[in-house]
Each structure stands twice: as C-alpha cells, then as structure tokens.
Amino acid sequence: MNLNYSLRNFAFSKTCKAKMKVVLLIAMFCFGTVAMHSQTTFTSVQSGNYTDPATWGTATAPTSADHIIISAAHTVVLDDLLTVKNATVSGTLESTGDTVEFTVEGNLTVNLGGLFKGIYFYDAGTFGYNKGVQLTVSGNIVNNGRIDLSEGSSYDPEGVLKLNGTTVQTVSGLGTFGGTLYTTTSSNTGAVINQLLVDNSSTATPNVVWGFNNIKIKSSITLTSARIDLGTNKMTIGNYSSANTVCATGSGFTAGTVGKCYDAYDTFPAITPGSDYNSPKAMFPFIGANGKSRAAFISRPDDTTNSAVSGELSV
C-alpha cells in the first residue's frame with residue numbers, strides 16, 4: 001500500500017511539474033508579447049497624417065509607448081496632441097494648429113536632410129501669421145538636419161524647445177535650428193529658437209550639455225532647473241532685439257559665452273550701493289560648479305537724450 005501511494009504521488013508530482021512548465025511558458029510568451037508591443041517601431045511608408053494608420057502601413061497609429069521613423073522624402077503631419085517614445089526624422093515632421101505640443105519621452109534624432117517643422121500658419125480670419133509649437137524632449141537630441149522653432153510669442157508656449165529630462169541631457173549634431181532667412185534684423189529666423197525652457201531634474205552639474213554654437217533665443221529663456229554647459233559655444237539671449245530672461249536660484253550657464261541683445265529704448269533699474277543688483281534685462285546668468293550664482297549684469301543709465309542705440313554684448 002505504501003508503495004502504491006508513493007508511485008501515485010510520484011506520478012501526480014510529475015504531472016503538476018509539467019503543467020507548471022506549460023503555465024510558465026505561456027506567461028513568458030505573454031510577457032514577451034507585451035514587451036515587444038511596448039517597443040514597436042513605426043516607419044512611415046508614405047506621406048500623410050500622423051494619426052492615420054495608412055501613413056505607417058499598419059492597422060493602428062503609434063502610441064506614446066512606440067518609436068517612430070519618418071522616412072526620407074515623406075512628410076508626416078502632426079494632427080493631434082501627440083507623444084512618442086523615441087523619434088527619428090529623415091524626412092519632414094510637420095506641425096499644424098492641431099498640435100500645441102509634441103512630446104518625445106526619449107531621444108530625438110534629426111538626420112541629414114531631415115526637418116522638424118515646428119512652425120505653421122495661423123489663420124485668424126481677416127489676417128494670419130506664423131506660430132510655433134512646443135517641442136518637449138526628455139532624452140538627448142542629435143540634430144544633423146534642422147529643427148525649426150523660430151517663431152511665436154513670448155507670453156504663450158509657442159516655438160518652444162523644452163528640455164525636461166531626469167538625467168543629463170545632450171544637444172548635439174552638425175545641423176542647425178531655426179528657419180532659412182538670415183538677416184541682421186529681428187526678422188532673422190536662421191539659427192533661432194523662439195523660446196528655450198530647461199527644467200531638468202537631474203542633480204548633476206552640468207545637467208545639460210549644449211553642443212551648438214551661435215544660437216539665438218528670440219523671445220525668452222527660462223531656466224527653472226538648469227546647469228548648462230555650453231563648452232566653447234556661444235548662445236545669445238535675443239535675436240537682434242532684447243529677450244526675456246527668467247533664471248531660478250541654482251540655475252545658469254556653467255561654461256561658454258553668453259551674448260545679450262539690448263534695444264535702444266530698454267530701461268534698467270538704478271544701481272543702489274550696498275545692495276545686490278538684479279535686473280533680468282541686464283542679466284548674464286552664469287553659475288559655479290558649487291551651485292553659487294556667478295551672474296554678471298551690464299546695465300546703463302536712463303537715456304535722457306534719445307541717443308542710445310541697440311546692440312549686443314557678450315560675456
């Protein structure tokens with residue numbers, strides 16, 4: 001009797017183990033399927049709207065968990081408020097009035113010949129003008145093509161490049177930012193970003209490494225949590241006219257050259273002996289490796305003779 005019980009128990013144990021293996025295999029398959037889905041890469045097969053599956057030759061459009069590739073010679077139109085994991089642009093990714101913001105939760109790569117066109121024409125009825133979208137990137141940017149965020153207002157999030165990573169972000173490449181009109185007036189769009197907003201939560205210094213030279217910030221720069229290493233590069237606050245500067249305590253540029261545009265009619269608060277001077281219009285927002293402010297301020301007396309001129313100074 002004991003022998004029979006042992007044999008039956010042994011057979012039952014083998015059956016249970018076999019069933020458990022099947023269950024584990026099914027679970028692994030399901031997990032793998034989910035993982036594969038979360039890493040789906042959508043590549044454009046024709047020009048068209050972003051939310052149209054036909055653009056991608058698939059049954060569905062990309063979700064926020066997916067990666068996208070815009071093929072060369074294709075123009076994909078952003079026709080909604082959209083988020084993607086990673087984006088690679090070899091053709092054109094074009095904004096519209098339906099796109100207030102395009103968010104890349106990972107890395108953005110714009111290849112040679114590629115264009116992120118963040119400018120669109122806003123039809124106000126009897127008149128119209130160009131506006132820009134907000135491009136938010138949480139990872140790195142490699143720009144060997146062109147990213148155009150050159151136009152928009154200073155008071156709305158228009159033509160904004162927002163860097164909001166949680167680790168150190170790099171902005172690099174051999175391409176450029178802005179439009180194609182290069183002038184020496186405020187109508188210039190070449191090498192221009194309308195607004196730059198940096199709110200990177202990494203505690204590292206620097207937490208943004210900027211690899212582009214001679215970029216102009218047209219309307220405003222907002223450094224909420226930013227320690228930006230320009231290296232040997234220069235960034236100018238203003239585009240042949242003055243721009244707003246908002247810099248939180250503990251934020252600023254750790255290295256590089258910062259230029260600042262002054263308008264002929266800019267006014268500045270008076271300098272009071274014995275008090276720290278603080279004027280955003282006159283600020284060159286530098287910061288030390290220890291987090292201490294090294295900001296410089298270049299001001300001027302009120303112009304009572306209307307003889308002041310506009311220009312740019314660099315530190």
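Hi everyone. Let's begin with a term we'll need: two strands count as paired if DSSP finds at least two bridges between them. Keep that in mind as we look at this structure, which is a predicted model.

So, where do we see such pairing? Strand β10, residues 115-117, and strand β15, residues 146-148, run in the parallel sense and are joined over 3 bridges. To pick out one of those contacts on your screen, find Phe-116: its bridge partner in β15 is Ile-147.

β10 and β15 belong to an open sheet of 6 strands, with parallel pairing, and the order across it is β2-β4-β7-β10-β15-β18. Which strands stand at the edges? They are β2 (48-49) and β18 (176-177); each has a single partner strand, so one side of each is left without a neighbour in the sheet.

Let's follow the chain on from β18. In the loop between β18 and β19 you will find Ala-191. Its phi is near 60°, a positive value in a residue that isn't glycine. As background, most residues other than glycine have a negative phi, and most peptide bonds are trans.

The peptide bond from Thr-205 to Pro-206 is cis, with omega near 0°.

Next, the surface. Tyr-122, Phe-127 and Tyr-129 make up a nonpolar patch there, and together they have about 300 Å² of accessible area. Phe-127 sits in the loop between β11 (119-123) and β12 (128-132).

Finally, let's look for empty space. Rolling a probe the size of a water molecule over the atoms shows where such space is left. How much volume does the largest pocket have? About 240 Å³. Its lining has 13 residues, and those nearest the centre of the pocket are Cys-247, Ala-248, Thr-249, Met-283 and Ser-293. What kinds of residues make up that lining? There are 7 nonpolar and 6 polar, with no charged ones.

Note on methods:
Residues numbered from 1 in each chain as written. Predicted model: local features only at pLDDT ≥ 70, side-chain atom pairs only at ≥ 80, totals over all residues. Heavy atoms only, no water. Patch = residues over 30% accessible without salt bridge, like charges linked within 9 Å, V, L, I, M, F, W, Y side chains within 5 Å. Areas by Shrake-Rupley, 256 points an atom, 1.4 Å probe, with all protein chains shown as cover. Salt bridge = Lys/Arg side-chain N within 4 Å of Asp/Glu carboxyl O. Helix = DSSP H or I, 4+ residues; strand = E, 2+ residues; numbered from the N terminus. 1 Å grid on protein atoms, 1.4 Å probe; cavity = no way out; pocket = protein on both sides within 12 Å on 5 of 7 lines; lining within 4 Å. Points joined across faces, edges and corners; volume = space filled by probe spheres on them. Nonpolar A, V, L, I, M, F, W, Y, C, P; charged D, E, K, R; others polar.
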